[in-house]
Amino acid sequence: MTSPLDSLRLPVVCAPMFLISGPELVIAACKAEIAGAFPTPNCRTIEELDSWMDQITGALRPGDGPWVANMITHSTNTRLAEDLRLVAEYKPPVVITALGSPRPVMETVKAYGGLVFADVVNLKLARKAAEAGVDGLACVSAGAGGHTGHLSPFAFIPAVREFFDGYIAVGGGVADGAGAAGAIAAGADLVYMGTRFLAAAESMAQPEYKRMVVEAGPDDLVISAAVTGTPASWLRASLIAAGQDPDNLGAAPDRNYTSGGSAKRWRDIWAAGQGVGAVRDVEPTAQIVDRLAREYAEAVARFTARTGHVRGAAA
């Protein structure tokens, strides 16, 4: 049976980013023959979501990469049923669930032959999602932007492989083709890249946000639960600009993932992952993917050359 992921030029998903991923970025990613994803909460209304999905499906052609809808399945998502109605209508090849069990979307997505992935940050959640029957797991690891995990990708992948034989997409600090090749060599099927596309020309990030990402390095990040109630990776300069002291953010509040509040989370306090150093300019998505492809091919060639000299390696 063919999979919508078979058409990928590179095993990369342009990860769904809150307030960043829109139809232009999704379409550009898919046209570059990787997977393009967006979170449905980026649409303020169901009418806007309908418009986005119509725009995306109308722009894509056979041979393009698959588009991906990322859905919040937590009980606080009062729009879940309406979102699912549009999913059934527009049939995204892959649906990724987050902040809740994947079970609410399974019947709808499976009915049209789509794949269901679950976004997980630890092994407990990975096991629960595997038991629910998902096709894949998006393993958010240490180094990821926004809400981040605590496990190294190279620890997360083999631990999940012990009990799960579906797709593994791993994200966290991987922002170039060499890192992607390393993740695949370690047993992943896909790499979940968000930070690398933050400053893409097609992203919805504010110009100041893109500039800050271009100028930042890994040491310019702060990991804290003080903004949303869940550990997340923030750009230090954005915390300062929002009137926060990065070295004294205080205790974690009750969980709140919206863009409101006195801390102006997401809207004015900006996230990035440890791969931020790979972002050196604002450039089109197609150009980013071309560079990733060259880096990936070079890494594969280097690996092949090295393993040819390893004692006991297969001829």
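Biologist: What should I know about numbering and cut-offs before reading the model?
Modeller: Residues are numbered from 1 along each chain as its sequence is written, and side-chain values use heavy atoms, with hydrogens and water left out. The model is predicted: totals for chains, interfaces and linings use all residues, side-chain atom pairs count only at pLDDT 80 or more, and local features need pLDDT of at least 70.

Biologist: How many helices and strands does the chain have?
Modeller: Both are DSSP runs numbered from the N terminus, with at least four residues (H or I) for a helix and at least two (E) for a strand. The chain has ten helices and eleven strands.

Biologist: What is the radius of gyration, and what does the globule rule give?
Modeller: The radius is taken over C-alpha atoms, and the rule is 2.2 Å times the number of residues to the power 0.38. For 315 residues a compact globule would come near 20 Å. The chain agrees with that, at 19 Å.

Biologist: What share of the residues is buried?
Modeller: Buried means under 20% relative accessible area, exposed over 50%, and partly exposed in between, with a 1.4 Å probe and protein chains only. Of the 315 residues in the chain, the buried share is 52%.

Biologist: Where are the centres of the positive and negative side chains relative to each other?
Modeller: Lys and Arg count as positive, Asp and Glu as negative, while His and the chain ends are not counted. Each charge is placed at NZ of Lys, CZ of Arg, CG of Asp or CD of Glu. There are 27 positive and 33 negative side chains, and the two centres lie apart by 3 Å.

Biologist: How far is the sulfur of Cys139 from the closest cysteine sulfur?
Modeller: Cys139 counts as buried, at 0% relative accessibility. The closest cysteine sulfur is in Cys14, too far for a bond, at 19 Å.

Biologist: Which residues of H1 are buried?
Modeller: H1 is mostly covered, with seven of its nine residues buried. The cover includes E1, strand E2 (35-39), H2, strand E3 (67-72) and helix H10 (285-307). The buried residues are Pro23, Leu25, Val26, Ile27, Ala28, Ala29 and Cys30.

Biologist: Which residues does Ile56 contact beyond its neighbours within four places in sequence?
Modeller: Ile56 lies in helix H2 (residues 46-59) and is buried, with a relative accessible area of 0%. Contact means heavy atoms within 4.5 Å. Leaving aside those neighbours, Ile56 is in contact with Pro23, Val26, Ile27, Phe38 and Trp67.

Biologist: What is the phi of Leu19?
Modeller: Most residues other than glycine have a negative phi. Leu19 lies in the loop between strand E1 (12-14) and helix H1 (23-31), and is partly exposed at 23%. Its phi is positive, near 65 degrees.

Biologist: What phi does Leu99 take?
Modeller: Leu99 is found in the loop between strand E4 (94-98) and helix H4 (103-111). Leu99 counts as partly exposed, at 37% relative accessibility. Its phi is also a positive value, near 55 degrees.

Definitions and conventions: Disulfide = S-S within 2.5 Å.
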